[in-house]
Amino acid sequence: MLEYIGKYYDQIFTMLVDHCKLVFVSILISFVLAFALSIVARRFKAMSGVLLALFIGVYCIPSLALFAFLIPFFGLGQPTAILALVLYNQVLLIRSILAAFKSVPSSVSEAAKGMGIGFLNGLRKVELPLALPAILGGLRVATISTSGIVTVAALINAGGLGVLLFDGIRTNNFDKIWLGVILVCSFTLLLNWGLSVLEKRSLRIARGER
Amino acid sequence: MIHDMWQYVMDHREEFTLAIREHVLLSLVSLIAAVLVGVLIGILCAKYDKLANPIIGVFTFLRLIPSIALLIVFMPILKTGFMPTAFALTILALPAICINTYSGLTGVDRFAIESATGLGLSKRDIFTKVEFPLAMPLILVGIRSAFIDVISSATLAAIVGGGGLGIYIFRGMMMNDMVKLVLGGISIAVIALLAEVILSLVQRRYSRFI
């Protein structure tokens with residue numbers, strides 16, 4: 001395996017960068033969209049049920065099947081993968097964002113309102129800091145699932161570390177398979193660790209310990 | 001498109017039903033094995049504190065690993081085919097079921113157990129009539145998420161020789177045949193959504209105690 005790494009380190013590095021890029025871009029788009037949808041859902045209660053039911057349905061569809069639906073319209077490649085990932089993440093993120101805002105004690109947000117804080121300011125200065133730990137928890141779950149699905153997305157020519165796995169299977173090259181497995185797993189575990197650190201820090205801030 | 005798919009199914013009826021049967025059988029066998037083993041380990045962890053930390057730790061770690069990596073890791077060891085794939089899928093489904101069983105049982109209200117003891121129930125009766133029914137909703141949540149995961153990963157099983165409907169997606173992708181691709185996608189999505197609906201109905205029935 002070391003021999004393989006020595007020979008193709010530049011290609012492996014490109015795959016790693018592609019993997020990071022795909023995860024980062026999809027999470028960024030997913031989060032912005034989910035946040036906007038959550039704010040809408042919070043204002044119009046009837047919307048939240050419909051939205052969640054819709055995205056739960058999407059979430060149940062296996063990733064390869066979802067790719068299969070999207071390929072006839074968007075072709076193979078990264079845009080299709082990102083679109084599928086954004087669709088998947090919605091239910092995880094919207095659910096956690098809504099739950100996070102619900103966990104903010106109403107006495108706190110009402111006190112803020114009573115002091116004449118506006119909708120946006122109240123969101124930014126009062127509700128968001130208190131809701132942040134739960135939101136980051138949802139973000140962590142979504143990031144881990146994204147990293148897993150990005151691996152599968154190598155099948156639709158999106159690149160990333162999954163290429164090592166699938167090429168390895170096709171050519172029966174176990175060095176490649178093991179390397180792919182090790183890289184994918186350590187990448188995911190690293191992301192999990194980094195986001196849990198952020199989550200713990202935000203929890204301390206929300207509790208007023210800092 | 002729909003007409004073409006119908007035509008294809010009619011022309012290849014046997015092959016198509018075989019693929020469905022393989023997919024459903026693979027998912028069910030893995031899920032049932034995972035439920036039996038996972039619930040048992042969960043109960044053991046809840047009863048013997050010493051076991052809980054290491055086992056739950058291992059499963060929490062396993063849960064972070066992308067399913068495709070887990071599926072492929074077993075390939076060099078167990079070779080390809082139905083049973084190895086079923087084994088890998090079982091391992092995949094175990095963490096969610098085991099962790100939820102453990103947290104369901106340890107989360108049972110202490111007062112419920114104490115009043116049962118006060119009523120003179122034997123230890124065994126307390127477990128079967130009080131603790132387990134109260135933990136049931138959470139166990140079912142675990143089983144549900146594990147099942148969805150198994151059905152989607154069974155799609156990937158086609159790549160490691162496990163058969164199932166994933167074959168249509170891979171063939172469709174390789175030969176640029178949209179009919180096969182979307183046919184595979186739709187069949188898998190229907191199975192997954194059906195499983196989700198059935199399990200959520202079961203879950204609702206068993207949640208009446210809460």
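This is a predicted model: local features need pLDDT of at least 70, side-chain atom pairs count only at pLDDT 80 or more; totals for chains, interfaces and linings use all residues.
Chain A is built from eight helices and zero strands, so that, from the N terminus on, its elements run α-α-α-α-α-α-α-α. Taken along the principal axes, the C-alpha atoms of chain A fill a box of roughly 65 × 40 × 20 Å. Buried residues make up 40% of the 210 residues in this chain, and among the contacts in chain A with a separation of 6 or more, 73% are accounted for by residues 24 or more positions apart.

Chain B contains ten helices and zero strands, and its pattern, read along the sequence, is α-α-α-α-α-α-α-α-α-α. The box filled by the C-alpha atoms of chain B, again taken along the principal axes, is roughly 65 × 35 × 25 Å. Of the 210 residues of chain B, 44% count as buried, while residues 24 or more positions apart account for 72% of the contacts with a separation of 6 or more.

The contact between the chains takes 28 residues from chain A and 29 residues from chain B. On the side of chain A that touches chain B, the elements giving two or more residues are helix H2 (45–60), helix H3 (63–74), helix H6 (119–153), helix H7 (162–171) and helix H8 (174–206) of chain A. Of these, H8(A) gives the most to that side, with eight residues. Divided by class, the side of chain A that touches chain B has 20 nonpolar and eight polar residues, and no charged residues.

The largest nonpolar core has 117 residues, and the members that touch the most others are A:Ile94, A:Ala153, B:Ile72, B:Ala93 and B:Ile97. Helix H4 (residues 78–102) of chain A supplies the largest share of this core, namely 14 residues. For B:Ile72, when residues up to four places away in sequence are not counted, the residues touched are A:Leu165, A:Ile169, A:Ile177 and A:Val181 from chain A, together with B:Val160 from chain B.

Within chain A, helix H5 (residues 106–114) packs with H6(A) at an angle of about 165 degrees, the two axes being 10 Å apart. Because angles over 145 degrees count as roughly antiparallel, H5(A) is roughly antiparallel to H6(A). The crossing in which H5(A) passes H6(A) is right-handed. From H5(A), the contact is made by A:Val108, A:Ser109, A:Ala112 and A:Lys113, and from H6(A) by A:Gly122, A:Val126, A:Glu127 and A:Leu130. By class, this contact of H5(A) with H6(A) has four nonpolar, two polar and two charged residues.

Within chain B, a further helix pair is formed by helix H9 (residues 166–175) and helix H10 (residues 178–206), whose axes come within 7 Å and cross at roughly 155 degrees. By that angle, H9(B) is roughly antiparallel to H10(B), and the crossing of H9(B) and H10(B) is left-handed. The residues of H9(B) that make the contact are B:Gly166, B:Tyr168, B:Ile169, B:Arg171, B:Gly172 and B:Met173, and those of H10(B) are B:Met178, B:Lys180, B:Leu181, B:Leu183, B:Gly184 and B:Gly185. In the contact of H9(B) with H10(B), the residues divide into six nonpolar, four polar and two charged.

The buried residues of H9(B) are B:Gly166, B:Ile167, B:Tyr168, B:Ile169, B:Gly172 and B:Met173. These buried residues pack against helix H2 (13–47), H8 and H10 of chain B, and also against H3 of chain A. Just after H9(B), B:Asn176 takes a positive phi of about 55 degrees.

Elsewhere in chain B, B:Leu119 lies in the loop between helix H7 (110–118) and helix H8 (123–156). Because a residue counts as exposed when 12 or fewer other C-beta atoms lie within 10 Å of its own, B:Leu119, with 10 C-beta neighbours inside 10 Å, counts as exposed. From C-alpha to C-alpha, B:Leu119 and B:Val58 are 38 Å apart in space, and the two are 61 residues apart in sequence.

Conventions. Residues are numbered from 1 along each chain as its sequence is written. Chains are lettered from A and ligands numbered from 1 in the order in which they are written. A nonpolar core is a set of buried Ala, Val, Leu, Ile, Met, Phe, Trp, Tyr and Cys residues joined through C-beta atoms within 7 Å. A residue is buried if 20 or more other C-beta atoms lie within 10 Å of its own, exposed if 12 or fewer, and partly exposed in between; C-beta atoms are placed from the backbone. Helices (H or I, at least four residues) and strands (E, at least two) are DSSP runs, numbered from the N terminus. Two residues are in contact if their C-beta atoms, placed from the backbone, lie within 7 Å. Ala, Val, Leu, Ile, Met, Phe, Trp, Tyr, Cys and Pro count as nonpolar, Asp, Glu, Lys and Arg as charged, and the others, Gly among them, as polar. Axes are lines fitted to C-alpha atoms, for helices over the stretch in contact, and angles run from 0 to 180 degrees between N-to-C directions. Angles under 35 degrees count as roughly parallel, over 145 as roughly antiparallel, 65 to 115 as roughly perpendicular and the rest as oblique. A crossing is left-handed if the near helix is turned anticlockwise from the far one by less than a right angle, and right-handed if clockwise.
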